[in-house]
Structure formats: structure tokens, C-alpha cells
Amino acid sequence: MNRMASGSLGLAQRWLRGPRPRRRPRLRLVCFPHAGGSARFFYPWLRELPTNVELLAVQYPGRDDRIDEPVLDRMDLLCEPLAKAVAEVADVPLVLFGHSMGASVAFEVARRLDSPSSGPVRHLFVSARPAPFSADPALGPPRDDDTLVRELARLGGTDPTLFDDPEIRAALLPAIRGDYRLIEGYRYRAGPPLSCAMTAVLGSHDPKVPHRLAEGWQAATTGTFTLRVMPGGHFYLSERRSALIAYLLTTLGLHGTRRDGPASTP
């Protein structure tokens, strides 16, 4: 059963899934899934994280245990309650990691949490996503179901055979389509840059994220910025999970701390 971190309240219980709470975490790693993804995507990370890091994964409406809730297809409607939920667990330092659509969501949540003096976000990792003010804002063409499934297969990250089952296909596609509407309708609103450290990570052969557009994230913060390229495509993090997490821990000064060892996926 998924559990929230001890002491968390209200919105955090609705939005965040903590499959293995830590009694005294040094920091909390809050992960934001890609379009169509759920909190469960990040559960395998538990095998790689040290005992003083608590994993919290965002559960968007319209999937898994929130399948009966309507999908939120506007960034402001999604991020306003989500930022409040993340603020509830900011009693220890927070690190945010967002992949693809989740990178834009994590960025907007960080903006809502940041303050000129000392924002609660220690580090923001944005993965496989162009900077919001450098990406082409044009909306994509309408997608029928078959076209959308082919696009998902091309990017990886979703087993295409899942869509062979009509019931599973009918359950998954509404959330995916809603997420695509959200990200295609998202427009960056000018504002002050973040103050936290930021790292942009991308796959070396990602067809959706040219190197120059990932570099644009540097303008989003006054803190330190790093661009990291890893071998692979848009879902490089699935094939390079151990290397990615080792890099995150090294960046955060946690490399070499004790881990739980192998564990079954919750």
C-alpha cells in the first residue's frame, strides 16, 4: 500500500505517493512523471536511493488510484494545488525531478515555491524537455488514437502492446490525450528566475529535445546551472536509471551513502 511521509497532511496525501517513508530524511526527492505517466513509474528508483532520501512521486488525476478524477489539461489548474501539496512536505529540503511534461510541471511548481530569500527547493532537475521560453509554442496537429499510439511507441517509455487490449487502451488514452493538451497549451509567463540550482538532463538521441533548446534552461535560474547529456533517446532514464540516479546523488553530495539494497517494487 502506498503511504505518505509521516506528518504530511491534506493535499500532500492526495497528490504525492511515498512508497517507503523515511523516519528522518535528509531530503525529499519529488518526482513528476511524463505525459500519461503515473507515480508508479518512479518506484524502481527506491532500489538506488540511500536511506536518508525519501522518494515522493506525483500522482496526477485520471490514472491509477485517481482514475475516477478528471484529467487536468491546463497547467495553472494542475500546478496551483500541486504546489500547495509539495509545500506541505517542505519541512526538509526538497529536490524536484521532472521528466518530459513533468519537467515543465516541476518548473512551474518550483516557481510557486521559490522566494527571493530562501525557497524550499534545493535543486531542480528538468529532464528531456526544452526550456519553456525557447520551445516552439505552436500546437501540434490533432491526433487520432492510432497516431497517438504510434507516437508513444516511437518515443518509448510505454509498452505499445498495452494498447492491443481495447479495455486498457480505453483506460489509458484519455489521460495521455489530456496531458498532451496540457503541454501543447502551456505558455510560459514571464517572471523572476528561480534562485535554486538547476540541472537539465537529456538523452543524446532524443528526437524531441535539441541540445540548444535544453541549454535554454540556464536563463530560468540565478543559481548554478548544468547541462548533462546521457546516452539514449527520450526515455534514456529507463535504460540508464542507475547511472542517472548516481549522477543525481553525486550532484547533491550524497554519493556513497548507505542504501537499503534490492527491494521489491511496491
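Author: What follows is an account of helix α3 and the parts around it.

The model is predicted, so local features are reported at pLDDT of at least 70 and side-chain atom pairs only at pLDDT 80 or more, while totals for chains, interfaces and linings use all residues. Residues are numbered from 1 along each chain as its sequence is written, and side-chain values use heavy atoms, with hydrogens and water left out.

Helix α3 covers residues 101-113; helices (H or I, at least four residues) and strands (E, at least two) are DSSP runs numbered from the N terminus. Its 13 residues reach 19 Å from first C-alpha to last, close to the expected 18 Å, where the expected span is 1.5 Å times one less than the number of residues.

How many of the 13 residues of α3 are buried? Eleven are, and the helix is mostly covered; buried means under 20% relative accessible area, exposed over 50%, and partly exposed in between, with a 1.4 Å probe and protein chains only. Among the buried residues are Met 101, Ser 104, Val 105, Phe 107, Glu 108, Val 109 and Leu 113. The cover over them includes the strands β2 (27-32), β4 (94-99), β5 (121-127) and β6 (197-203), together with the helices α2 and α5.

Helix α2 spans residues 75-87 and reaches 18 Å. Its buried residues are Met 75, Leu 78, Cys 79, Leu 82, Ala 83, Ala 85 and Val 86. They cover an arc of only 160° around the axis, which puts them on the same side of α2; the arc is that of the directions from the helix axis to the C-beta atoms. An α-helix has 3.6 residues a turn, so residues three or four places apart point the same way. Ala 87, also in α2, is partly exposed, with a relative accessible area of 40%. Ala 87 is 22 residues from Val 109 in sequence, and their C-alpha atoms are 9.5 Å apart in space.

Helix α5 (residues 166-185) holds Asp 179, which counts as buried because its relative accessibility is 2%. Leaving aside residues up to four places away in sequence, Asp 179 touches Met 101 as well as His 34, Ala 35, Gly 36, Gly 37, Arg 63 and Val 71, contact being heavy atoms within 4.5 Å.

The largest nonpolar core has 47 residues, and Val 105, Val 109, Val 86, Phe 32, Leu 96 and Leu 124 have the most contacts inside it. Helix α3 gives the most to this core, with eight residues. Such a core is a set of buried Ala, Val, Leu, Ile, Met, Phe, Trp, Tyr and Cys residues joined through side-chain atoms within 4.5 Å. A second, separate core of 27 residues includes Leu 29, Phe 235, Leu 244 and Leu 252.

The whole structure has nine aromatic pairs. In one of them, the ring centres of Phe 107 and Trp 217 are 5.2 Å apart with planes at 75°, so the pair is edge-to-face. Rings of Phe, Tyr and Trp (its six-membered ring) pair if their centres lie within 6.5 Å; planes under 30 degrees apart are stacked, over 60 edge-to-face and the rest tilted. Phe 107 is buried at 2% relative accessibility, and Trp 217 is buried at 0%.
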